[in-house]
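Please keep the model open as you read.

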Amino acid sequence: MRHVNVLIISLLTLQLSFSQINEIGVFVGGSNFIGDVGATDYISPNQAAFGAIYKWNRSSRHSYRVSMIFSELEGIDLNSDDPRRQQRGFSFNNSIFEISAGMEFTFLDFNLHSGKPVATPYLYTGISIARHDNNFFSNGTLTSENSESWAYGIPMVLGFKARLIDKFIIGLEVGARYTFSDEIDGSIPDADFRQQFRFGNINNNDWYVFSGITLTYTFGENPCYCIN
């Protein structure tokens, strides 16, 4: 009988180890660009950003996360504190669609099945890829190359989340994206035959920042760290 009980407990533990909990929801906020055109403020949203987010909570301390975010990146030299940029007077707009995947780590246990209020700061990082239009400046005018590119990057996100009511989780986060591209603002044309139009610091790649709120709904089986 003892062996049977041990076998049952082992099977239950194995079953629970494959049980997970899911979160799905939305991101709403703003974006700002940091590059060779416009202001260089790190957190200064000037365009709307919105998207969808999904999390697979692997434990009370980490989750796998995927998101898709749409936004319009904008840079205006006249809004810069640099007198040289103000005198130059360039400006650009570029629509982007970002897909990001990675891991979210919480500073504190975030056990949604404890029945108690839960809240914690968190970090998120992984990889991102953002589709953008290719442009260049000719005589100070932004000109389209009639093509698109994908900018690979590394997201670095700091946030705070808490259970709002029942199965809803609300979060506030700021996330910078370092990209391996210098083409988003048109300072480095994608086409080789337009390289004479390049300008700015060619040793610094483009950055952009998303700041906003996430609201997710939890569903699915209890995770492996919670046994009812």
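Which residue in β3 does A52 stand opposite?

1. A52 has M68 of β3 as the residue opposite. Strands here are DSSP runs of E with at least two residues, numbered from the N terminus, and two strands count as paired if DSSP finds at least two bridges between them.

2. A word on the basis of these notes: this is a predicted model, in which local features need pLDDT of at least 70, side-chain atom pairs count only at pLDDT 80 or more, and totals for chains, interfaces and linings use all residues. Residues are numbered from 1 along each chain as its sequence is written, and side-chain values use heavy atoms, with hydrogens and water left out.

3. Strand β2 (residues 47-57) and strand β3 (residues 62-76) run antiparallel, joined by 9 bridges. The link from β2 to β3 is a hairpin of 4 residues.

4. On β1, the antiparallel pairing with β2 comprises 11 bridges. You can check it at G29, whose bridge partner in β2 is A49, and at F27, which stands opposite G51.

5. β1 also pairs with strand β8 (residues 207-219), again in the antiparallel sense, over 13 bridges. Within β8, T216 is the residue opposite G25.

6. Why is β1 largely enclosed by the rest of the structure? Because 10 of the 14 residues in this strand (residues 21-34) are buried, meaning under 20% relative accessible area with a 1.4 Å probe and protein chains only.

Terms used:
Buried < 20%, exposed > 50% of the residue type's maximum accessible area, 1.4 Å probe, protein only.
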